[in-house]
Amino acid sequence: MTDAYTRAVNTGLTKALATRLGLPRPALLRRFEAGAPLTVGPVLLLADAASAASADALEGVLAGWGVEVARSGGGAPAGGVEDSGSGRGLDASTPAEGLDPAQTTPVRWGAILLVLTESGRPSDVSDAVLAAGPALKRLAPHGRVVTVSRAHAPGDAPALAAVRQGVDGFLRSVAKELRAGATGNGIVLADGAAVDNPSAQAALRFFLSARSAYVDGQLLTVSTGAAADAPGPEYWARPLEGRVAVVTGAARGIGAAIARTLARDGATVVCVDVPAAGEGLARTANAVRGTALQVDVTAPDAGARILEHARGRHGRLDIVVHNAGITRDKLLANMDAARWDSVVAVNVEAQLRINEALLAAAAAGDVDGLRIVSLASTSGIAGNRGQTNYAFTKAGVMGHTAATAALLAPHGGTANAVAPGFIETEMTQHIPFATRQVARRLSSLLQGGEPVDVAEAIAFLASPLAAGISGQTLRVCGQNMVGR
Amino acid sequence: MSRSPQPDAPRTSPPGPRDAVVVGGNRIPFARAGRKYADASNQELLTAAIEGLVARFGLQGERLGEVAGGAVLKHSRDFNLVRECVLGSSLSPQTPAYDVQQACATGLEAAIAVTNKIRLGQIDSGIAGGTDTISDAPIAVSEGLRHVLLEATHAKTLQGRLKALAKLRPADLKPLTPVTDEPRTGLSMGEHQAITTARWGITRQAQDDVALASHRHLARAWDEGFFDDLVTPFHGLTRDDNLRPDTSSEKLAALAPVFGKALAGTAEPTMTAGNSTPLTDGASAVLLASREWAQEHDLPVLARFVDAETAAVDFVHGHEGLLMAPVHAVPRLLARNGLTVDDIDFFEIHEAFASTVLTTLAAWEDDEYCRTELGLDGAFGKVDRARINVNGSSLAAGHPFAATGGRILATAAKLVAQRAASTGEPVRALISVCAAGGLGATALIESA
């Protein structure tokens with residue numbers, strides 16, 4: 001549910017009033033709808049001179065998706081794919097002329113894609129970045145800014161490391177300058193991955209789309225994933241078709257949204273929750289046409305039972321989403337063993353124990369290409385007063401995710417984490433009013449996210465093409481001001 | 001050369017008897033009347049039980065062969081109760097349904113009906129269920145008011161209507177609350193059982209022991225997670241709220257007798273609220289299928305539904321106790337299957353009252369009774385007490401009449417599946433449910 005303030009400043013008389021008073025106006029975010037266009041307008045593709053070939057490759061990818069592309073900036077005009085038969089690169093400040101002569105109102109960019117993969121030193125990127133500036137003024141509401149760059153590695157020349165790390169600070173700052181539901185995110189290619197490798201394509205599509213509505217100011221590292229065929233439209237419509245997914249904590253809130261989203265994307269979902277939450281669990285399972293498995297994730301045999309159910313009843317296991325989690329907030333000075341230990345047991349030890357069973361199954365060849373996605377939290381990144389136990393476990397999740405990724409890699413699997421910021425759930429409804437308001441507004445998008453926003457990020461990381469994304473923690477926080 | 005008939009000629013008759021199996025069960029926790037489910041109707045209770053079953057086995061949109069079930073205390077508006085529950089569930093709306101009513105044996109009788117159709121090949125899958133709510137029991141109008149209203153409805157003129165309504169007397173406005181008294185004797189079930197209890201000389205201590213064991217066994221089963229895949233919470237209730245894990249012999253001994261107080265004779269009344277089942281709300285559902293259907297749907301098989309026998313006794317004019325029908329049914333059932341009491345690993349004897357279990361056992365051990373009443377050569381046999389209601393029964397769980405059969409069947413099926421998995425030997429369970437009207441339904445299941 002969109003919060004009352006966001007609703008008020010976007011509707012009717014209160015909208016006019018808020019505009020007159022100059023009140024901050026969080027946008028009603030554009031979220032995924034089947035059949036809706038990928039972007040809200042054409043994509044402006046900008047690149048520095050050295051990265052022109054990368055831009056060409058991405059232009060081909062975008063054209064394949066049926067997205068209109070315009071080229072400008074430091075690089076040469078488009079080589080292969082032309083837009084609308086205009087036959088020339090467009091000037092970023094006057095997009096309307098070039099793109100569609102018949103159009104009377106100026107075109108607004110659906111996205112600005114800034115390709116800086118081959119920049120050698122900080123001074124290389126000026127033209128491309130400065131071309132993006134005026135284009136931002138024409139970025140449509142719900143538009144996207146996406147940078148594509150490369151990760152620096154030990155042994156890189158200092159100037160190369162500088163420009164590559166520089167993109168990080170640039171992107172995070174650009175994201176903070178965007179308005180009206182627009183977001184900025186970056187793809188960071190690692191290990192010499194091709195700019196158009198399948199995982200990079202999946203990441204680009206996610207960041208451009210409405211699925212990443214509440215992901216803002218984030219950079220995602222992408223390597224070359226397992227070889228995959230070039231995906232067609234049927235893949236993008238239902239990327240999880242034929243996959244079997246397990247979602248823990250699926251009775252309500254974020255877990256139920258994850259189950260619904262995975263099912264929407266084609267997965268058969270095994271919904272897991274504690275027996276006491278069975279009523280909501282059955283509701284979720286029936287809504288997604290999956291199965292309900294009442295099991296406490298802290299039970300020693302939880303991993304075995306999950307594997308047995310998924311493989312016995314659905315023939316396979318492809319995705320495990322560790323969503324089950326609890327909070328037992330108390331200042332450390334007042335913390336008791338029950339609060340500390342229960343949070344540790346549910347939030348991190350249960351994941352570790354289940355992952356051991358999953359890794360054993362992967363080693364035995366019982367599961368292949370497994371995707372594990374765990375719920376972390378921005379509290380685990382920035383810390384949160386009264387949540388030493390919770391933050392300990394959520395930071396722990398990010399730690400074990402990186403370690404598990406390495407263990408799963410030989411079996412074609414990945415492990416990633418998603419760190420939600422302030423999400424509008426039953427749980428956060430219990431936060432005191434003033435604290436809740438502040439928590440919502442302390443982000444670039446000036447609002448809390450919806451459970452589905454977290455679910456979309458998980459569905460993306462769990463998808464077959466995300467094979468080259470592993471060991472990462474992706475924040476879904478509307479660029480919350482706390483932490484990185 | 002003459003030719004034999006085409007081997008693959010189309011069949012004109014259904015396939016012969018085959019196995020019917022129990023795939024699994026689901027119930028909602030049973031609630032004492034007037035508490036957690038006070039606002040829920042029979043339809044809501046049974047729909048919840050079915051929905052939990054659908055979720056557990058992924059039956060959304062599935063067209064099952066049929067759903068059979070019922071309620072003992074039923075509103076007239078619920079004439080198509082089970083069909084309405086199916087329409088309100090995630091099952092395919094093309095799943096047929098019908099109501100069954102055999103007092104407390106409703107749930108088990110529904111399972112007998114569904115498994116018979118499965119064995120005959122008429123259907124491949126089905127759900128047997130039952131529900132009852134005391135909290136939302138129907139309240140009827142008096143016979144006087146009913147007659148007046150009917151006459152007024154049928155009258156063709158205003159004058160006729162007024163004439164009919166003029167017959168109304170103040171006493172006619174008193175509502176009729178449902179009673180469980182036997183219509184032919186005017187005695188409540190408890191009073192009837194008090195007679196049987198006294199006849200067999202069942203002591204207060206023995207009854208309290210059965211009650212204590214029921215609570216302890218059920219509590220242990222809950223703690224062990226036995227019901228994790230048999231129960232789905234409802235209305236915030238996660239366990240049977242009649243269960244008292246901390247009850248004791250002393251607490252049970254302190255309760256005052258409630259039945260048999262007016263009984264002629266010397267016997268002290270022995271039946272208390274502690275060793276009798278409380279009025280309860282709840283619902284249950286069991287998924288039954290052919291082996292092939294279960295296999296095609298990648299579903300587990302807990303047990304084979306082998307056979308069933310129902311019986312009735314003459315408690316009105318004869319001298320048999322109201323709840324003694326299963327005593328008659330079980331020897332017939334076992335004899336037909338070439339079994340004796342020693343071949344049964346689990347006895348699930350519905351605890352309408354603690355003394356129901358005890359009079360059943362006493363009767364089977366009695367030479368004379370078994371010869372004269374059951375037509376056996378001698379005593380039917382002595383049942384190992386350690387095999388009876390090992391995970392508790394109605395005294396602890398409660399007894400929403402029509403829901404009890406499904407509770408017991410699913411519990412028994414899981415017990416035999418677990419035992420068979422650990423021993424590798426065939427395991428059998430016997431289910432016995434007594435019912436009002438001198439009825440009784442019994443069934444035999446075996447590890448699949």
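A: Begin with how a helix is judged. The expected span of a helix is 1.5 Å times one less than its number of residues. The model here is predicted.

Q: How far does helix 14 of chain A reach from its first C-alpha to its last?

A: Helix 14 covers residues 388-408 of chain A, 21 residues in total. Its reach is 30 Å, close to the expected 30 Å.

Q: Which residues of helix 14 of chain A are buried?

A: Start with the general idea. An α-helix has 3.6 residues a turn, so residues three or four places apart point the same way. In helix 14 of chain A, the buried residues include A:Tyr390, A:Lys394, A:Val397, A:Thr401, A:Thr404 and A:Leu408.

Q: What do the buried residues of helix 14 of chain A pack against?

A: Their partners in chain A include helix 12 (337-363), strand 11 (371-375) and strand 12 (414-420).

Q: Which value of phi does A:His142 have?

A: Phi of A:His142 is near 65°, a positive value in a residue other than glycine. A:His142 sits in strand 4 (residues 139-150) of chain A.

Q: Why does A:His142 count as buried?

A: The cut-off is 20 or more other C-beta atoms within 10 Å. A:His142 is buried because 21 other C-beta atoms lie within 10 Å.

Q: Where does B:Asn389 lie?

A: B:Asn389 is in the loop between helix 12 (367-372) and helix 13 (394-397) of chain B. Its phi is positive too, near 45°. B:Asn389 is buried, with 25 other C-beta atoms within 10 Å.

Q: What is the mean pLDDT of chain A?

A: The mean is 88, and 91% of chain A residues reach 70 or more. Over residues 73-98 of chain A, however, pLDDT stays under 50.

Technical notes
Residues numbered from 1 in each chain as written. Chains lettered and ligands numbered in written order. Predicted model: local features only at pLDDT ≥ 70, side-chain atom pairs only at ≥ 80, totals over all residues. Helix = DSSP H or I, 4+ residues; strand = E, 2+ residues; numbered from the N terminus. Buried ≥ 20, exposed ≤ 12 C-beta atoms within 10 Å, placed from the backbone. Contact = placed C-beta atoms within 7 Å. pLDDT = per-residue confidence, 0-100.
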